[in-house]
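I opened the notebook to look up a few helices and some backbone angles. My entries follow the order in which I checked them.

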Amino acid sequence: MLLVFKVGAQTPTLTITDSLYAVGNYSEAIQQLEDIPDPSEVIYSSLAKSYLAVGNLSSALRNYKKVLIENPNKVLTIVDYGETLVRAGKLKSADSLFQKLINKHPKTASFQFQLGEIKEKHKDSTYLDYY
């Protein structure tokens, strides 16, 4: 019952912040999301995307981590986190993350491609094996 109340209380704010995000008012969306007491993984995910939109990669990464702590199997969030690691220049962490994704989902070509891109940026001669 408490969870329903918690999510229900956040719904109007999420509607507003989604609208702010959609029109490019990322800073206002961030402010409203940051003001939510006891945020859920949905809030952390929205914060990560908003911080990414304003170029604050460290805050985006921090919020993606919070989502993944609550739900470590959210593959799309893992991918977003990995792509943000690449943008932040954290190639070793991104390499490790995409390698784990490939091990779990070996038929997903986009993970192979991402790892190839990371290895090429890292000047790793094995990058062609992943393309």
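In which helix is the place of S46? I looked it up in the model, which is predicted. S46 sits in helix α3.

I then listed its contacts, leaving out residues up to four places away in sequence. S46 touches L14 and L33.

I widened the view to the whole of α3. The helix has 13 residues. From its first C-alpha to its last, α3 reaches 18 Å, close to the 18 Å expected at 1.5 Å a residue. I found α3 mostly covered, with ten of its 13 residues buried. Among the buried ones I noted E41, I43, Y44 and L47. The buried list also includes S45, A48, S50, Y51 and L52.

I kept the general rule at hand: most residues other than glycine have a negative phi. Which residues did I find with a positive phi although they are not glycine? I noted D38, at about 55 degrees, and K123, at about 60 degrees.

D38 lies in the loop between α2 (26-34) and α3 (41-53). With 55% relative accessibility, D38 counts as exposed. K123 lies in the segment after α7 (109-121). K123 is exposed as well, with a relative accessible area of 75%.

**Entry: α5 against α6**

I turned to a helix pair. Two packed helices are described by the angle between their axes and the distance between the axes. I looked up both values for α5 (residues 75-87) and α6 (residues 91-104). Their axes come within 8 Å and cross at roughly 155 degrees. Angles over 145 degrees count as roughly antiparallel, and α5 and α6 are therefore roughly antiparallel to each other. I recorded the crossing of α5 and α6 as left-handed.

Which residues make the contact of α5 with α6? From α5 I listed V75, I78, V79, Y81, G82, E83, L85 and V86. In α6 they meet L91, S93, A94, L97, F98 and L101. I sorted the residues of this contact by type: eleven are nonpolar, two polar and one charged.

Notes:
Residues are numbered from 1 along each chain as its sequence is written. This is a predicted model: local features need pLDDT of at least 70, side-chain atom pairs count only at pLDDT 80 or more; totals for chains, interfaces and linings use all residues. Side-chain values use heavy atoms; hydrogens and water are left out. Axes are lines fitted to C-alpha atoms, for helices over the stretch in contact, and angles run from 0 to 180 degrees between N-to-C directions. Helices (H or I, at least four residues) and strands (E, at least two) are DSSP runs, numbered from the N terminus. Angles under 35 degrees count as roughly parallel, over 145 as roughly antiparallel, 65 to 115 as roughly perpendicular and the rest as oblique. A crossing is left-handed if the near helix is turned anticlockwise from the far one by less than a right angle, and right-handed if clockwise. Contact means heavy atoms within 4.5 Å. Ala, Val, Leu, Ile, Met, Phe, Trp, Tyr, Cys and Pro count as nonpolar, Asp, Glu, Lys and Arg as charged, and the others, Gly among them, as polar. Buried means under 20% relative accessible area, exposed over 50%, partly exposed in between (1.4 Å probe, protein chains only). The expected span of a helix is 1.5 Å times one less than its number of residues.
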